[in-house]
Each structure stands twice: as C-alpha cells, then as structure tokens.
Amino acid sequence: MKAFAALLERLVFTPARSTKLALLRDWIATQPDPDRGIGLAAITGELSFSTAKAGLIRALAAERTDPVLFAWSYDYVGDLAETVSLIWPARAGVNAAPPSLAAVAEALATAAKADLPGLVAGWLDALDASSRVALLKLITGGLRVGVSARLAKVALAEHFARPVDEIEEAWPAVDPPYLPLFRWLEGAGPQPRAADAPVLRPLMLANPLEEGELAVLDPASYRAEWKWDGIRVQLVATRLGQRIWSRGGEDITRAFPEVAGAMEGLHAVLDGELLVIRNGVVAPFSDLQQRLNRKSVGPKLLRDYPCAVRLYDILFEGEEDLRGLPFDARRARLEAWIDRFRPERMDLSALVPFASWDELSRLRDGAREAAIEGLMLKRADSPYLAGRPKGPWFKWKRDPLTIDAVLMYAQRGHGKRSSFYSDYTFGLWRADGELVPVGKAYFGFTDQELAWLDRWIRNNTVNRFGPVREVEKALVLEIAFDAAQLSTRHKSGVALRFPRISRIRSDKPAAEADALDTLLRLVENRPDRPSGSAVAVREGAWPRRST
Amino acid sequence: MRPHPETWLKVTPGGLWCEPADLFIDPARAVPRAVVTHAHSDHARPGHGAVLATAETLALMTRRLGEGRAGETQQALGYGEPIDVNGVRITLRPAGHVLGSAQVVLEWQGSRAVVSGDYTPRPQATCATFEPVPCDVFVTEATFALPVFRHPPAEGEIARLLHSLYVFPERTHVVGVYALGKCQRVVSLLRASGYDAPIYLHGALPPMTEIYRSFGQDFGDLRPATVANKEALKGAIVLAPPGAIQDRWARRLNDPVVALASGWMRVRQRAKSRGVELPLVISDHADWDELNATIDAVGAPEVWVTHGREEALIHACAQRGVRGRALHLIGRGEEDEATEEAA
C-alpha cells in the first residue's frame, strides 16, 4: 500500500506525460504480482468498488475526531478523503501490519456492507497518512491522477520493449491483476488472446502537404476527400461487443452511446470522423466539444448535440482483413457495405472529384465552412498501413485566417514552461474603444520568441493576479486560426478554432490592431450569413445520406 | 500573591512589552531595548537600540541586516544563563527552530512567562533541542495548529527525494528551502542519510550557511549553483529559495524536478497550486500533536497564541481546561514558512 501511495503521490503532482511514463515503468519493474496489476487497474479506473462511499468515510471520521476541529480542517483542506487521512488520529497499541494493495482490493470486492466500517477503520489505523489518502481515494474511486489505460499500456510497451499494439490486442483477454499478460511479457507464456475482441487496430495517419510537393504528384493517382473537423475514431464492432476508439487509443464508447448503439449487430472495423451532425449538416467543432471528455452523457446533450460518424475507410469486414487492399478497392467495399447495412449514425465521406491540382486548390480555398479543415489526399493504390508512412496520404489544410490582436493578459505555463509567461489572452477593439478578449493562444512561437515575449511581459506588467499578469495594451500579435464561431461562453461572443501566434507585430501600434467587427465578419455560424458563400459541397457535391 | 503575567507582560502596537524591565520581545518596529528569539526577519527587525539574543542569533541577524543595523549595542546571552533587568530575571532556553533560536523565560515577583518564539520540539542536528519550561503563561505560535498537520519523520521525506533521484537520474532536483534554517537542515539530513555528493546552492543561501559553519557545523561539499554549468547539475540536488525554484533562475537547470521542503506540503492542494512536483513535508515548526504536547508539558494554566491558526489551538486548550488567548501580534508570520507564500 505504501508503494502504491508513493506512486499516486508522484502522479498527482506530475503534469508531464514522460514523467508519468517513467513512474509507471518503475512501478511495473519493481512491484510484485498481484499488486502490480491491481495498482495499474486502480489508476486507470478499471477497478471500482461500489460498496464503500463518502458517507462511510465521513461517519468514521466523526467517530474519531472533534467536530469543530474536523470542520475547520475540512474547510482548510477542501477534500474529504485527504482531510480524513490527515486528521486520522493514531491509535495507541495498534501494531497490525499495513495491508497490501491486493489484500485491500480483495476485501473490498468481497466484504459484506456491514463489515466495511470496521474493516476500513482497521486499515486506516495501520497505515501512514499518505497511504491513508491512497486507500480512501481507492475506495471512493476518485484517484484523478491523469493516467489513462492507454498510458499504462504505453508504459508496459516501453518497459518490456514490445509494440503497444500487441499489448492493446492482448488487453481485452485479461482482467486485473493481468497475470497472464505479465507472464507473456516476461517471456513465460503465450500472448493472451480474446478471439474476436473489439480491440484497436493501429491507425494510418497522413503527413502535412509541404509547399511545392504537389508539383511532383500525379493528380490522377490520388483521391481527395474533405478533412472534417471532428475527432478521428475507429469503430470496432464484433460479436463480443462494440468499441469507439479515439486516435490516441482511448476507449470513448461510453461517451457516445448513440453511436455505440448504432454499431450493435454490425461486424466490421471502420475508420471515420466523429462529428455533431444535424439534418445532414456538420456542426462546428465547438458543438462536438460539448460531448468530449465525459464519462457519460444525459438526454439533453444527446438531443442537442447528436453525434454521427462520417466513414473514411474500412479495415475489416466481418473477420476479413482488408488492410492490404488498395484504397480504391477498400473504398468500393466500404460503399457496398454501407449500401448493404445502411447503418444509423454513419455516412460516407464523399470523394471530391478533380482533374488538376489547380482545380482542387480552388475548391479548397472556397471551403470556408467551419467544419472543414481542408482536404485529404490519398493515393489510389495505398494499402492501410500502421503509423504515418511518408507518401501515400497527405493532409492539405486550408490556409488559416489571421487577425491582428492586442496582448492583454499572460499566464505562466506548466511543466517545462512554468517559469515562462506562455499563455496569452488577446483582444480586439470594440467600436466604443474598449478592448475585449477574444481568445487565448499558447503555441505557434519559437523558443526565442517565447523568451522575448516573457521578457516583454515582465517589463510591461500593470497588474498581477496570482499566476496571471495584466500587461500594457501595447503589443500586437498576429493570430492565426482555422475558424471563428459564435459562442456564448466568451464576452466578445466569438470563439476561435486553433488560435496560435503566427507573428509578433512589435512594429504595429496597438491602436491599429483589428476591430472586433472584422472578426465577426469571419464567423461561420452567424445566422445572418448568406449560406451561398459556403463551400460547393453544400450544393450537390455532397451526397445526402442514403436512408 | 503572585502578579498575573498580564499585569506586567502586555501587547502593544510595537509588540510584546515587559513593563517592569521596559523591553520588548521580537518587536515589530525599532525600540530602545529588544530581546530577539531568533533571526527570521519577522522576529528580528532592524534599528533597535540594545539587542539581547544568543550569540548565534546576533551573528545571523548582523549578516542579514548589515553591520550596525542589528542593534546599536548587542549583548549575547547563552542558554540557561540568567540575567536581571530591573528585577526581571531573563533566561534563554533552546527553541529548536533554527540555529540560535531561543525561548525567552521571564520571571517577576514569583510569576513566570515563557515567550517561545517559533519552536520545534523534535530534535534537529542543526540547532539545540527545545526544552519545555514549566510556567504560568506560555506564549506560543500556532502556524500548524490544525489536526491535519502532522509532520512525518523528516528522514522519510529525504528518502523520497533520494528515490526520485534514483528514478530520474538525469534530472536536476531543485528543492525550495528557506535560506535560514531549512537550507541547513535539509543539507544536514541529506548528509545524515549518507548522500555525500556535492550539493549545489543558489546564491542567496551561502551567507546564512557560512554562519552555521562558523559555529562548527559541517555540511560537506557545497558548491554554488550559479556558476556551475548545466551539465554538472544533471542529476544533482540544487537548493534554492522557494521564490526561485520556478522562476527564471531555474531555467539553467536540466529538466528539473521541482521539490519544496515545507510543512505546508502536507496538503496536496497547496503543493499542486504551487506547481510542486515533489512536496517534502519538512518543517521547522511544531505540528499539531507537538503544539498540544508542549502545552501539556509546560503545564501553564493559560496560553497566549501569537500567530497562525489561533482558533483551533484555543479550542483544543479549552477542552482540557487551559485558558487560551489570541494576541493578534502585528507583522508576525511574514517570513519563513509561517507564511504560505514564502514556503
């Protein structure tokens, strides 16, 4: 328990992914089974106990502590599990050995509800403060250490020097404490396999199209599709279940029950873009954002932000692996599959016909619809390959929009950037002469530019609010962004998609920065905006979903 | 009938004033006569006329405030050597807080008050160990006076720092420490644990450390972190004031693990909001159990609380029939870890 507590403590305070990985590798290397696997399951949220809840812990604390001191302490600390673990009075004469992680997990899973208070109190007596907080977080299920199942798999892959995809494949076949998995990784057993488990297959990714690259490519051997601005997903439906995997390998099935529901009864592995689609029209990314990073969703969100998947590719049909087929052949299989099953909440990503790069370039420039990021180019003969091979697939993003904004506030960054003011809030001029914030950017600059900005901010601070500095309204930043959307969450009423610093305009007086009206004219989902200016796909090139 | 200490030891805007001796203890502003418990700047202010303190405190004070600013005249008093000032007997007893820190024992007409300053009952290698003195009024701090503050053994915290060095051998471990007391304590704990590699110090730390050395303490190989190159600091332990560990100064370090040694690190949220990656609960103040045990040990029927979480300590006193009184001293807790900002 003590080692687990120490791991949790480090993870809680560590923002950096690389550090978290190092800590997990150390855990995997040093802990005995079954603690090793139980610890991994606990921090990735694969272990949960429903019997012990916050009420029980509060009641235990009330029995042992002065109510006034407890109330003041809770006020000060602000977290129940932490308050109880810190305030828990040592009991004279207790010399029980602290329980192991495995013993705690076993007992929590099997104990009768009535026995829990005595059991938990006994553990609290035997543990030190940092182990107590680990125990209480474990039983209330609020570890919150920022470690996903994927990260744990990556740590396993790194420690045992195996490809993470192999671990991903084996994972569904094992349960905590994952003993067969460790046996396999240590070379003492076969790879655990769950036949037909809905596991993630490695995705194929595209490279950005570099300037001038088009000149050497033959337009006839490439296919073009719109690059939709949602999140890339892999849908896996087998007889054993359905999973929606994010590009990063996170299982996001539970956050999108309507899509998962539509996958029932199907048997395929599909590649596509998860989007909010209303009446066949793709909503801006800000709508999809309402649905992201949730464990579960309520009926209101399901109604207001209905999700669907626009399909790009098919990797498996039934048990048949199609990944070796050329793109054109897979495309034909995908179209036929859609035709045959007519799945709900899925439609086909249309091909954009073109004869020359010039023509395609004009189509791309015309695409100002908020939900389109640009174009994808895929070689007609390309098999579906893992990773980001150079050549077969390109993403050709449309040119960003830019505005000249005035720096208003700067905030310290995190991790490596914690000594730098690296998060910038910028604003535009309203007609009445007030500067209103329109967004925040924290990338786009070089290290030298960051150092320059940091110095400028320190020398031009007019106010400090904790980690935030308000600066002289004197520095103009050219902000690049992919789209502007109406938003009620911002004072200015506008939200920017992917804002980044494209240039520091120290040559430009702040008074000459852009007006808010200029930005408002670029807004995509403005009700009064004539729809005729939107991209051609709206009128015709885009096939309505076949129903 | 013995006079109650409140008739001769009074709270004034300048601080705690002993009327018959006409002297202040740790006054917040310049006064003609001051007894100074220890050299932290919220206790040792500049510009007094005559200053009475331990030789160590006088040396530390003088180095911090500058020659001539730490009292026009200074008188050193050893622990346990009483002197008489207008019929008031004054004795200094170790407070265990930092080098030279003392409790001031005041006795007048058979009544005794102890002004403890800041104190730590558990022994430390870098200063004389706290001695409880039975008294009629015990004047105490209450920096960590909530039952959530229980400092674990400092050796265990040092072990966590060393384990981190083992897991991240390439990364510089920068530990935020207060210049007077915490710095020397952390070095001493590291040495006691067997760590004998060079320890690198931010430029603000050597002056106080030199005074410790002049009183015979040995810290092994200490090197300046300011001139050492980045390569040498790889995998090294660097000590720096809390304000520097995440500011521009820290950029010279190699992918640092940011640690902070303070009693406040007990509470996760405090550590998180400061961006500390490795909180080390090492304090030079009494924790909750130690505050209460000390109050029991001195057996005073009345306890005066200078600064910190007075209400909780007074509540705990009341439960065992000890009268508690909050003094609300001005300007206290502005330096060292008594303030959350500093550490």
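**Salt bridges, a helix pair and the A–B interface**

Colleague: With which residue does A:Arg291 form a salt bridge, and how far apart are the closest N and O atoms?

Modeller: In this predicted model, where local features need pLDDT of at least 70, side-chain atom pairs count only at pLDDT 80 or more, while totals for chains, interfaces and linings use all residues, a salt bridge is a side-chain nitrogen of Lys or Arg within 4 Å of a carboxyl oxygen of Asp or Glu. Residues are numbered from 1 along each chain as its sequence is written, chains are lettered from A and ligands numbered from 1 in the order in which they are written, and side-chain values use heavy atoms, with hydrogens and water left out. The partner of A:Arg291 is A:Glu258, and the closest N and O atoms are 2.8 Å apart.

Colleague: Where in chain A do the two residues of this pair lie?

Modeller: The pair links distant parts of the chain, its members being 33 residues apart. Taking helices as DSSP runs (H or I, at least four residues; strands are E, at least two) numbered from the N terminus, A:Glu258 lies in helix α13 (residues 257–263) of chain A, and A:Arg291 in the loop between α14 (285–289) and α15 (299–304) of chain A.

Colleague: How many salt bridges are there between chain A and chain B?

Modeller: Over all chains the structure holds 65 salt bridges. One that joins the two chains is formed by A:Arg412 with B:Asp247, whose closest N and O atoms are 3.6 Å apart. Between chain A and chain B the count is four.

Colleague: Which three residues supply more than any other three of the area that chain A buries against chain B?

Modeller: Buried area is the accessible area (1.4 Å probe) that two parts lose on being put together, summed over both, and between chain A and chain B about 3,100 Å² is buried, with carbon and sulfur atoms giving 56%. The three residues in question supply 27% of the area that chain A buries against chain B, and they are A:Arg10, A:Phe13 and A:Tyr76.

Colleague: How many residues does each chain bring to the contact?

Modeller: Contact means heavy atoms within 4.5 Å. On that basis chain B gives 36 residues and chain A gives 31.

Colleague: At what angle do the axes of α1 and α9 of chain A cross?

Modeller: The axes, lines fitted to C-alpha atoms over the stretch in contact, with angles running from 0 to 180 degrees between N-to-C directions, belong to helix α1 (residues 2–12) and helix α9 (residues 129–140) of chain A, and they come within 8 Å. The crossing angle is roughly 80 degrees.
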